[in-house]
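Please examine the sequence and the structure shown below. The report that follows describes selected residues and their surroundings.

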Amino acid sequence: MRTEAQAVVIGGGVIGCSILYHLAKLGWTDVVLLERDELTSGSTWHAAANIHGLHDSTNISRIQHYTMNLYNSLEEETGQSCGVFQPGSLYLAQTEQREHQLKLQAAKAKLYGMNFYEISIEEAQKLHPLVNFDGIRCVMYEPDGGNVDPSGVTNAYAVGARQRGAEIHRFTPVTATEQQADGTWIVKTPKGDIRTPWVVNAAGLWGREVAALAGIELPLQPTEHQYFVTETMSDVEGHGTRLPSVADRDGEYYLRQEGQGLLVGAYEKDMRFWAEDGTPLDFAHDLFPDDLDRIEENMMNAIERLPAVGEAGIKRVINGPMIWSPDSNVLMGPVPEVDGYFCCNGIIPGFSQSGGMGLMAAQWIIEGETEYDMFAWDLARFDGWATKDFTKARVQDQYAHRFAIHFPNEERSAGRPARTRPVYETQKAMGAVFGLNAGWEHPLWFSDTPGAVETNGFTRQNWWGPVGEECKMLRDRAGIIDISNFAKYICKGPGASDWLNAVFANTMPKTVGRSCLTPLISKRGGIAGDFTVTRVAEDEFWIIGSGLAERYHKRFFKQVPLPEGTTFTSMTDAICGFNIAGPKSREILQRLTNTSLATEDFPFMRSARIELAGIEVLALRVSFTGDLGWEVHCPTEHQSRLYTALLEAGAEFDAGPVGSRSLMSLRVEKGYGSWSREYSPEYWPHEVGLERLCKFEKEFLNKGAAQKVLQNPAREQLVMLHLDAEDVATSNADATGGEPIFKDGQGIGRVTSGAYGYSVGMSLALGYVKNAQSGDAVEVMVLGRPHKAVILHEPPFDPLGRVLRE
């Protein structure tokens, strides 16, 4: 066994073997995989191993299509059968909401050249004559859908990795992972130790235990999961060709052919946790006792849809473990706080994602970044607030609603509240309907009735009207927005200015009281983040960014060493903030301070420490609404007192609280981008309109990558679109994000954000397009159906930015 390696992968399931294979394929051949038992032990060997391409997330769809296409070439490359069956998959919609979801996915498939499209009931009946199509609204067909052999795929990855020089050691448990002073790791096993700069935790059911060896806690929880296989069925045997799989997610089961029978699986409401206090080390190719009574309701749904299932005997039942994250997506990426430790844990649809997941992991480790924006999979989306209780509650919800539609803007209540601010109860009493942001409860909108619950769907919901009233209130008078969930940092010391200039692309303010906007550049030259930086003293700066991305951004900040005597500290927990915006915002605030807020005394993009209602705050004259406004930040212990004062002063002007749904509408009216929507590592500065904020006369993080991409023409451009009012009224729906954009029948882009602009009376969207310009007529696929739209040459609200500066 090698004593040194470029990377050590822990775990010999399908994901660990895929990562090993892709590391070797990308050029790292000095890599080792360690498996405590036999390859496929744990949850890989008993998986149903279905494969499908489409996902609500575009990038995950890309990864799943890569995986599906990889299996056949992997067989050719290695000579190892993957047991690939691709008779196709039928996706059934029983409800209007499911029809919306499937038609939107079909539109995305057309945009990205994926094989997924609608067929008639008659065509579907010919493909699968055992299905009862009564009550089905539409059917989508994915010709490449099907299943693979779990052991075959895993061993094909292993063979491919070995052919490139990688080592695999079975029956070699890892007993310790110890980081050395130089940042490398010693991975200890009974057969010897290996030194490596990268530990890759792909330990499946033992992901928690392996992470704990390095002092890392992962929010993961295993559950039981059942499926059964029928005896040979004459209808299946006599069909002649392999039957397509059936995705009847409204029926909450999955079904495909297995041998000459059918395999039926379910995610039941009466689920069971397993190994809550740790996965047993002696568990390998084990199963749990059958408990089909738990999935009886799901089975009856399957029998109603395929009556032949009810007449078949059961050949075998598989009840085995799966391990879940709180949102059922993988926990993937380098641990921000620990150098050289990479996780890939909590994978549910492993055989649909294994190839793409292995490729993304290898790119991240070797090249420093993935080619796609994978924040949906990034473990940095969770932090210490994702406790064991939170994780269990979310996993229970995810399991029981595995096939439920995840609607745009949907906020699920399981496990909440996780973190609250002092004003939470006050906001709740005022009728706030809350969402979850980086663990924090924050107001989405305010209802006239405390305790109101929002509805969910693809069309306009019960919050659409109240949000409109909030927007109009702010634009006509003023509104008070809780922005405490923004990430806040203080950089202080003699080297603060130099360090920030070395991190961010823009030049830091040279004068106390001045602010600037700046991008953070990613490894490949894209936009890793956008921040507001304010110089509050000669040696002190305040930095404000995305709260959702705070842990993600740690990886970038730690790449530039802090000068001696200089500190960079997160203040997100310690400081709260409000944005007071609208034409009356100055008058409201002036009631609470003796500091002049007149433009000549307090211009746009300036800051000052002032006293507001007897509380010292940092006031910044900025507003994400695009309106006249200030952000005011205070210590958390003073938040309630400040909020009360702002509300009381606002009441004199008939102004009140405004939630984040309104902020979305207001910033879209102004054309402001948002991180993880318009700003992403996938997008280059000149595609986003941020190239002017990259100052190449100085050195900054990933400057070379930014220079390189700026030498290329923009691949696409961020634009604003106005959707046709009649089409929107007919569908009763606005764009929300992800909808494809077509021009003359050709796919040219996709929506990144969408909202109704209440103050301008327009249904609007931001998105990226190619081969198009302002004034062009296009079609936006809202609900998967074409909605006429036009590309605007300027934002409809205050295009010249006068209101901000008045």
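## Terms and basis of the model

A residue is called buried when its relative accessible area is under 20%, exposed when it is over 50%, and partly exposed in between (1.4 Å probe, protein chains only). This is a predicted model, in which local features need pLDDT of at least 70, side-chain atom pairs count only at pLDDT 80 or more, and totals for chains, interfaces and linings use all residues. Residues are numbered from 1 along each chain as its sequence is written, and side-chain values use heavy atoms, with hydrogens and water left out.

## Serine 484

Serine 484 counts as buried because its relative accessibility is 2%. This serine 484 belongs to the loop between strand S22 (479-482) and strand S23 (487-492); strands (E, at least two residues) and helices (H or I, at least four) are DSSP runs, numbered from the N terminus.

Contact means heavy atoms within 4.5 Å. Beyond residues up to four places away in sequence, serine 484 touches Arg421, Thr572, Ile575, Cys576, Gly577 and Gln639. A polar atom of its side chain lies 3.1 Å from the backbone nitrogen of glycine 577.

## The largest nonpolar core

A nonpolar core is a set of buried Ala, Val, Leu, Ile, Met, Phe, Trp, Tyr and Cys residues joined through side-chain atoms within 4.5 Å. The largest one has 49 residues, of which Ile19, Leu23, Tyr71, Tyr157 and Met332 touch the most other members. Helix H10 gives the most to this core, with eight residues.

## Proline 795

Proline 795 is found in the loop between strand S38 (785-792) and helix H22 (802-805). Leaving out residues up to four places away in sequence, proline 795 touches Glu669, Lys670, Gly671 and Met720.

Note on methods:
A polar contact is a pair of N or O atoms within 3.5 Å; within protein, one must be able to donate a hydrogen and the other to accept it, and residues adjacent in sequence count only if both atoms are side-chain atoms.
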